Amino acid sequence: MPGMSEPPVTTSARHDPFAALRFRDFRLLVLGSFLAVVAEQMLGVTIGFELYERTHSALALGLVGLVEIVPVLLLALPAGHVADRLERKWVVVAAMSVVTACMFGMAGLSLTQGPLPAVYALLFGIGMARAFQGPAFSALSSQVVPSTHYASAATWSSGAWQTSSIIGPALGGFLLAAWGGAAWVYACAGGLLLLVAIMFCLMRPRSVERISEPISLASMLAGVRFIWKTPVILTSITLDMFAVLLGGATALLPIFAVDILHVGPAGLGWLRAAPAVGAVTAAMIIALRPPFKYAGRTLLTVVAGFGAATVVFGLSRDFFLSMAMLGLLGGLDNVSVVIRGTLLLTMTPDTLRGRVNAVHSVFVGISNELGAFESGVAAALITTVGAVVAGGIGTMLVVGLVAFLAPDIRRLKSMGVGGETVRRTAEIVDGQEIRPTKSKEIEGSQRL
């Protein structure tokens, strides 16, 4: 029934590992996320191969990341405002339609050997569309599952993303080899995204209050202010940022594969896959077990473990030990992702979800890019092993400092709604009192 109240959450209730998946719209959301990331990964593999085949230039490859990340960083704040002002489902559909058109444009350029500036222009267009798609896509989870199942939603969403990150590159490479050219791979990726856009058109998300004020600097910065004034969210994002910045061993994997472990390109492929395999395994374990009783301590522990595993990986000279440590890194990182994602879902008011997710996407994007840059600079200044080991130690030191300076994260227990919850403190955003609030129950007609 519309507006039905949420069932009370009790610690004695039997844990349902498939709770979020019992809602039709969430199944559409998580399947759409899976297919979209598969298409994105197919693009990444194919565009890199085609550009290098045409130019034999490392700079040409580097420009791909640049033209895709710059619009995301420049447009993140206005994109967050749009996600909070307009209906998020249609923002995602519009953005994904633009990406689909660009994919088919890439296919046409590939068939005709079109000019490289046109290729980069289409990639820039994809980056612009993703800037608007990301915050709206992330905010939709709160509208398709009741708040009692936010942790389950975060777990399944993370697992789908990690699984698609394994399948996507492999599928892209296989199709590239099987079809003997990039054009049809672009077209296939575009077809997948078109299917995702149609799936989102079929969704019936719960209606939420939307902001009405016109776009302004103050409105765009509301998400920044909310995160700054919500210590638990700020701390969780900060921990992740420094873990990626300091513990970015994956950026140096080619050096480890060739010069340290002596396993060549085949071994490099296995090393790159190991973190995602660990992450998927962790996602399945999290889904099957009850919610975290001490989420804050768990978050601090897994980030510290991430640093320790990074140190062991840096010192390892055994391929299988290195693989195990990379798998552990991926698993621990996924636990952090689930906790952080649940906190964002649980504590963020509906009217701010787009802008808060936009700020979060900037943190993630910057930490990934700067983390790879920091690892490369550190390896050049000292040694590759020294850079990785120092990064792992630095991550553990940051965890100790955060645990000392941020008592809220140490005291954080269950992240569910009802019972033991995250501490909901009133915050002032845009001159109004904003509290993280419970969401209305998803309509019963959307179940099963």
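**Helix packing around α14 in a predicted model**

In this predicted model, helix α13 passes helix α14 in a left-handed crossing, a crossing being left-handed if the near helix is turned anticlockwise from the far one by less than a right angle, and right-handed if clockwise. Helix α13 spans residues 295–315, and its axis lies 9 Å from that of α14, with a packing angle of about 155°; axes are lines fitted to C-alpha atoms, for helices over the stretch in contact, and angles run from 0 to 180 degrees between N-to-C directions. The angle therefore makes α13 roughly antiparallel to α14, given that angles under 35 degrees count as roughly parallel, over 145 as roughly antiparallel, 65 to 115 as roughly perpendicular and the rest as oblique. On the α13 side the contact (heavy atoms within 4.5 Å) is made by A295, T298, L299, V302, V303, G305, F306, A309, T310, V312 and F313, and on the α14 side by L321, S322, M325, L326, L328, L329, L332, D333, V335, S336 and I339. The contact residues of α13 with α14 comprise 16 nonpolar, five polar and one charged, where Ala, Val, Leu, Ile, Met, Phe, Trp, Tyr, Cys and Pro count as nonpolar, Asp, Glu, Lys and Arg as charged, and the others, Gly among them, as polar.

Residues are numbered from 1 along each chain as its sequence is written, and side-chain values use heavy atoms, with hydrogens and water left out. Local features need pLDDT of at least 70 and side-chain atom pairs count only at pLDDT 80 or more, whereas totals for chains, interfaces and linings use all residues.

Helix α14 (residues 319–347) also packs with helix α10 (residues 231–246), the two axes coming within 10 Å and crossing at roughly 155°. This geometry makes α10 roughly antiparallel to α14, and the crossing is left-handed. The contact involves V232, I233, S236, I237 and D240 of α10, together with D333, S336, R340, L343, L344 and M347 of α14; by class, the residues of this contact are six nonpolar, two polar and three charged.

Within helix α10, I237 is buried, with a relative accessible area of 2%, buried meaning under 20% relative accessible area, exposed over 50%, and partly exposed in between (1.4 Å probe, protein chains only). When residues up to four places away in sequence are not counted, I237 touches I227, R340, H360 and F363. The C-alpha atoms of I237 and L344 are 9.9 Å apart, although the two residues are separated by 107 positions in sequence.

Two further buried positions were examined. F226, in helix α9 (residues 222–228), is buried with a relative accessible area of 0%, and its C-alpha atom is separated by 8.4 Å from that of L352, 126 residues away along the chain. S33, in helix α1 (residues 24–55), is buried at a relative accessible area of 12%; the C-alpha atoms of S33 and S157, which are 124 residues apart along the chain, are separated by 7.6 Å.

At the level of the whole chain, the model has 17 helices and two strands, where helices (H or I, at least four residues) and strands (E, at least two) are DSSP runs numbered from the N terminus. Of the 448 residues in the chain, 53% are buried. Among contacts with a separation of 6 or more, 85% are between residues 24 or more positions apart.
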